[in-house]
Amino acid sequence: RVTEDGVILIPSFLYRKALGNLNWIYYKIPILFKAIKKFRPDVIYQSGAGFITFLLSVICIILNIKFIHRMANDVDSDKRIKCKLGFYQRVFYRIGLRLSSIILCQNEYQFINISSRYKGKIVKKIHNPYTPLTELKKIKSINDRRYVAWLGMFQYQKNLTELLNIV
């Protein structure tokens with residue numbers, strides 16, 4: 001399916017297929033491999049920690065495709081990952097990072113953690129985009145606003161208490 005801005009969305013797998021723990025071996029891996037091989041992208045760009053990082057990095061090596069992993073969260077770059085992923089998922093995630101072509105970080109904290117842990121790996125820092133208030137057009141004044149917009153997930157590290165203070 002092609003979106004309005006020309007991005008081609010390629011369906012991969014259904015998360016709730018009834019094969020239990022064998023989903024990865026008999027269903028997800030073959031479908032992902034087949035989809036990537038069929039469309040032969042120049043780059044695979046993935047965000048988020050877990051087994052999928054390993055899987056995509058291996059598929060990209062086999063198919064000679066660049067694999068870029070983006071740190072989705074500070075937790076993904078430090079020891080707090082232990083609270084998020086089990087032992088085996090962490091092992092596969094770290095191998096996936098080692099096999100990736102490039103690791104992108106969102107901030108200096110992630111950049112320092114990843115650069116020190118993965119020496120010799122191409123690690124770049126690209127801040128999340130934002131538009132300064134001086135450049136925004138047609139923005140309502142504070143008195144005219146009747147809403148709060150939140151883009152993202154409600155998680156501890158997002159400092160929701162401070163968001164509430166801002167609101």
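What do the buried residues of H4 pack against? They pack against H2, strand E2 (66-70), helix H3 (81-84) and strand E3 (102-105), where contact means heavy atoms within 4.5 Å. Welcome to a predicted model, in which local features need pLDDT of at least 70, side-chain atom pairs count only at pLDDT 80 or more, and totals for chains, interfaces and linings use all residues. Residues are numbered from 1 along each chain as its sequence is written, and side-chain values use heavy atoms, with hydrogens and water left out.

**Helix H4**
- Helix H4 covers residues 87-99; helices (H or I, at least four residues) and strands (E, at least two) are DSSP runs numbered from the N terminus.
- At 1.5 Å a residue, its 13 residues should span 18 Å, and the end C-alpha atoms are 19 Å apart, which agrees; the expected span is 1.5 Å times one less than the number of residues.
- Arg90, Tyr93, Gly96 and Leu97 are the buried residues of H4 (buried is under 20% relative accessible area, exposed over 50%, partly exposed in between, with a 1.4 Å probe and protein chains only).
- Seen down the axis of H4, these buried residues fall within an arc of 125°, so they line one face of the helix; the arc is that of the directions from the helix axis to the C-beta atoms.
- Phe87, Tyr88 and Arg98 are exposed on the other side of H4.

**Nonpolar cores**
- The largest nonpolar core has twelve residues, including Leu32, Ile44, Leu56 and Phe67; such a core is a set of buried Ala, Val, Leu, Ile, Met, Phe, Trp, Tyr and Cys residues joined through side-chain atoms within 4.5 Å.
- Helix H1 (23-39) and helix H2 (51-63) each supply at least two residues of this core, and H2 gives the most, with seven residues.
- Apart from this core lies another, of eleven residues, among them Leu85, Leu97, Cys105 and Ile114.
- Leucine 56 touches Ile36, Ile44, Gln46 and Phe67, not counting residues up to four places away in sequence.

**Aromatic rings**
- The structure holds four aromatic pairs; rings of Phe, Tyr and Trp (its six-membered ring) pair if their centres lie within 6.5 Å, with planes under 30 degrees apart stacked, over 60 edge-to-face and the rest tilted.
- The rings of phenylalanine 51 and phenylalanine 54 have centres 5.7 Å apart and planes at 45°, so the pair is tilted.
- Both phenylalanine 51 and phenylalanine 54 are buried.
- Phenylalanine 87 and tyrosine 88 have ring centres 5.3 Å apart and planes at 75°, so this pair is edge-to-face.
- Ring pairs join Phe51, Phe54 and Phe92 into a cluster.
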